Amino acid sequence: GTSCHASSLYDGMRELAGHYVNVLNGQKSRPPTKVRLALVGLPRTGSGSLVRALQLLGYTTLHAEEYLEVSELFAELTDEADPLPMDVFADRIGERGFDAVFCWDQDFVKWAAANDDVKMILTVRDTPKKWAESFGSVGMGVPPELFSRPFIWWKTMANVAPILRRLEQYIPKDETVPFEQTYKDHITRVQ
């Protein structure tokens, strides 16, 4: 019943939180660099495989777990009163040692497109239908529980929450907009 689901959800969230604490405790000191690659594909388009390939080529990627390492920069970027300009955000990401950044936010895409020294990589699936099936199989977006107590009490989660919500705007919350159309719209905006 409900208590079984809640217990399972709690256990999953506790495991996730423990994993992120380990990530934060294991932060690495990296030499400063510049963002050279903007990786602008939606989730479930092979980003994990691309991360491994780029790491083999010597890039330092900002993807998924590493978002927590720079959470305060995302908080500044999404500050409604005084948002950090995207070029300053990118400079600071580079200062942290990341030269390949996964982010499908449209402001980031526009920034990358305007910078000749930044190359964009748009990862895609074979078809919009395959992307929709893959994305739908893992759930839609970020679990809402991460935006509530106790998780939102953690400064890191509170910092990352606004960018996660902003990125979620590109993902439909119900079936009025088919996943396939969301995928096609993103590809069109990036191109």
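User: Why is methionine 157 called buried?

Analyst: This is a predicted model, in which local features need pLDDT of at least 70, side-chain atom pairs count only at pLDDT 80 or more, and totals for chains, interfaces and linings use all residues. Residues are numbered from 1 along each chain as its sequence is written, and side-chain values use heavy atoms, with hydrogens and water left out. Buried means under 20% relative accessible area, exposed over 50%, and partly exposed in between, with a 1.4 Å probe and protein chains only. Methionine 157 has a relative accessible area of 7%, so the residue is buried. Its place is in helix 7, where helices (H or I, at least four residues) and strands (E, at least two) are DSSP runs numbered from the N terminus.

User: How far apart are methionine 157 and glutamate 72 in sequence and in space?

Analyst: They are 85 residues apart in sequence, and their C-alpha atoms are 9.7 Å apart.

User: What makes serine 71 a buried residue, and which residues does serine 71 touch?

Analyst: Its relative accessibility is 3%, so serine 71 counts as buried. Serine 71 sits in helix 3, residues 71-77. Leaving aside residues up to four places away in sequence, serine 71 touches Thr156, Asn159 and Val160; contact means heavy atoms within 4.5 Å.

User: Why are arginine 44 and alanine 64 called partly exposed?

Analyst: Arginine 44 has a relative accessible area of 37% and is therefore partly exposed. Alanine 64, at 46% relative accessibility, therefore counts as partly exposed. Arginine 44 lies in the loop between strand 1 (37-39) and helix 2 (47-56), while alanine 64 is in the loop between strand 2 (61-62) and helix 3.

User: What is the phi of arginine 44, and what is the phi of alanine 64?

Analyst: For arginine 44, phi is near 70°, a positive value in a residue other than glycine. Alanine 64 is not a glycine, yet has a positive phi of about 55°.

User: What makes a set of residues a nonpolar core, and which have the most contacts inside the largest one?

Analyst: A nonpolar core is a set of buried Ala, Val, Leu, Ile, Met, Phe, Trp, Tyr and Cys residues joined through side-chain atoms within 4.5 Å. The largest has 32 residues, and Leu62, Phe74, Phe89, Ile93, Phe108 and Trp111 have the most contacts inside it. Helix 3, helix 4 (86-95), helix 5 (106-113) and helix 7 (155-168) each give two or more residues to this core. Helix 7 gives the most, with five residues. Phenylalanine 74 touches Leu62, Tyr67, Phe89, Asn159 and Ile163, again not counting residues up to four places away in sequence. A second, separate core has eight residues, among them Trp104, Trp131, Ala132 and Ile187.

User: How do you know that helix 4 and helix 5 are roughly perpendicular?

Analyst: Their axes come within 10 Å and cross at roughly 80°. Angles under 35 degrees count as roughly parallel, over 145 as roughly antiparallel, 65 to 115 as roughly perpendicular and the rest as oblique. Helix 4 and helix 5 are therefore roughly perpendicular to each other. Met86, Asp87 and Ala90 of helix 4 meet Asp107, Phe108 and Trp111 of helix 5. The axes are lines fitted to C-alpha atoms, for helices over the stretch in contact, with angles from 0 to 180 degrees between N-to-C directions.

User: How much of the chain is buried?

Analyst: Buried residues make up 40% of the 191 residues.
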